[in-house]
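Please consult the sequence and the model shown below.

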Amino acid sequence: MSEVSHVPVLLEETMHALRVREDAIYVDGTFGRGGHSAAILARLGVRGRLLAFDQDPAAHSDHALQDPRLELIHARFSTMTEALAARGIRHVAGVLLDLGVSSPQLDDAHRGFSFMRDGPLDMRMDTTRGETAAEWLDRADESDIREVIRNHGEERFAKSIAAAIVDARGREPFRTTRQLAEVVARAVRTREPGQHPATRTFQALRIHVNRELEELEVTLPQAAALLEPGGRLAVISFHSLEDRIVKGFIREQSTADKLPRGVPVRAADLPPAPMIAVGKPVRASEDEVRRNPRARSAVLRVAEKR
Ligand SMILES: C[S@@+](CC[C@H](N)C(=O)[O-])C[C@H]1O[C@@H](n2cnc3c(N)ncnc32)[C@H](O)[C@@H]1O
């Protein structure tokens, strides 16, 4: 187990949502350090199974869960249909996605996720492939940098930050998180109290480098298709861009087709919506936020397969 621990967010609420059955098969799409997985295993019987995904190789080496019912797969969660089919699994009783980066990833300066710690400007969750944040910043068009920072960071100073980045890289290529944090801080003059000027830019680059929103968009329909009747999808998101996608997906899946105008069919003859939204979005209690500040922005949404 690594020294840096990861406190699972909304743990009880997520377990309540998944309603783990002893003999069923579950998917944890975001294993991290296995906090949620451990709780699922604690509720599974000897014949239950848990397939867990994480694209970060460190997630596979740093956990302490040795359990024959658990299979840990080093892959993006967007490969879940294929990975499960390869194991002869077509349906599961629950899918969990606890999105974003883990505290150990954020806390390790060498991963390059944090403007608080100086390290290589990497930001890849999967360190075995793909382009680092530094490589992308060194080659991207100014307009692409601006759009990523504006759209993925919801940053109103995106234009001046992108211009400052292009100006700075002309003098020296980007290599470290501190280099980027300083360039951004000079380009952003006002900031919400308590927020570092580079917060939004770092979030935007991380989302871009890991294609986080695309991953989520292609995976939600896969998870829904994999669920058996009564199976549950539980998704924890940490910012509005993710939550908007999850909310939109659940709304679309839980709304029956509209009656076509002028066509003589009764509402009862139309196929019902494939999923049912379960309860209201769940947020962390004040007590949890006090113990784990990362829980502050977490939102859990749950849907059940009809
Ligand atoms: C918030 S942490 C999950 C923490 C976990 N629930 C726990 O209790 O330890 C998110 C994890 O998901 C992984 N991850 C994020 N997006 C992923 C994706 N598209 N495919 C696979 N793993 C992903 C990250 O590498 C990270 O380890």
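## Surroundings of L121

In this predicted model, L121 is in contact with G112, T132, A133, A134, L137, F174, R175, T176, T177, L180 and F202, its neighbours within four places in sequence being left aside. The residue belongs to the loop between α5 and α6. Its relative accessibility is 2%, so L121 counts as buried, the limit for that class being under 20%.

A further distance concerns A187, which is 66 residues from L121 along the chain. The C-alpha atoms of L121 and A187 are separated by 19 Å.

## The aromatic pair

F202, one of the contacts of L121, also takes part in an aromatic pair, and the count of such pairs comes to one. The ring centres of F115 and F202 lie 5.4 Å apart and the ring planes meet at 85 degrees; the pair is therefore edge-to-face, as planes over 60 degrees apart fall in that class.

F115 is located in the loop between α5 and α6, whereas F202 is part of helix α10, so the pair ties together parts that are 87 residues apart in sequence. With a relative accessibility of 3%, F202 counts as buried.

## The largest pocket

The largest pocket holds about 1000 Å³ of space. Its lining consists of 27 residues, and those nearest the centre are L106, T199, R206, R294 and S297. Two elements, α5 (103-107) and α10 (199-209), each give two or more residues to this lining. Helix α10 gives the most, with five residues.

In terms of residue class, the lining of the largest pocket comprises nine nonpolar, eleven polar and seven charged residues. R294, one of the residues nearest the pocket centre, also lies over the face of F238, at 4.4 Å from the ring centre.

## The second largest pocket

For the second largest pocket, the volume is about 200 Å³. There are 14 lining residues, of which R76, G130, E131, V209 and N210 are the closest to the centre. The lining of this second pocket divides into three nonpolar, five polar and six charged residues.

How values were computed
Residues are numbered from 1 along each chain as its sequence is written. This is a predicted model: local features need pLDDT of at least 70, side-chain atom pairs count only at pLDDT 80 or more; totals for chains, interfaces and linings use all residues. Side-chain values use heavy atoms; hydrogens and water are left out. On a 1 Å grid over the protein atoms alone, a cavity is a set of points where a 1.4 Å probe fits but cannot get out, and a pocket is an open set with protein on both sides within 12 Å along at least five of seven lines; lining residues have an atom within 4 Å of a point. Grid points are joined across faces, edges and corners, and a volume is the space filled by probe spheres set on the points. Helices (H or I, at least four residues) and strands (E, at least two) are DSSP runs, numbered from the N terminus. Ala, Val, Leu, Ile, Met, Phe, Trp, Tyr, Cys and Pro count as nonpolar, Asp, Glu, Lys and Arg as charged, and the others, Gly among them, as polar. Rings of Phe, Tyr and Trp (its six-membered ring) pair if their centres lie within 6.5 Å; planes under 30 degrees apart count as stacked, over 60 as edge-to-face and the rest as tilted. Buried means under 20% relative accessible area, exposed over 50%, partly exposed in between (1.4 Å probe, protein chains only). A charge sits over a ring if NZ of Lys or CZ of Arg is within 6 Å of the ring centre and within 35 degrees of the ring normal. Contact means heavy atoms within 4.5 Å.
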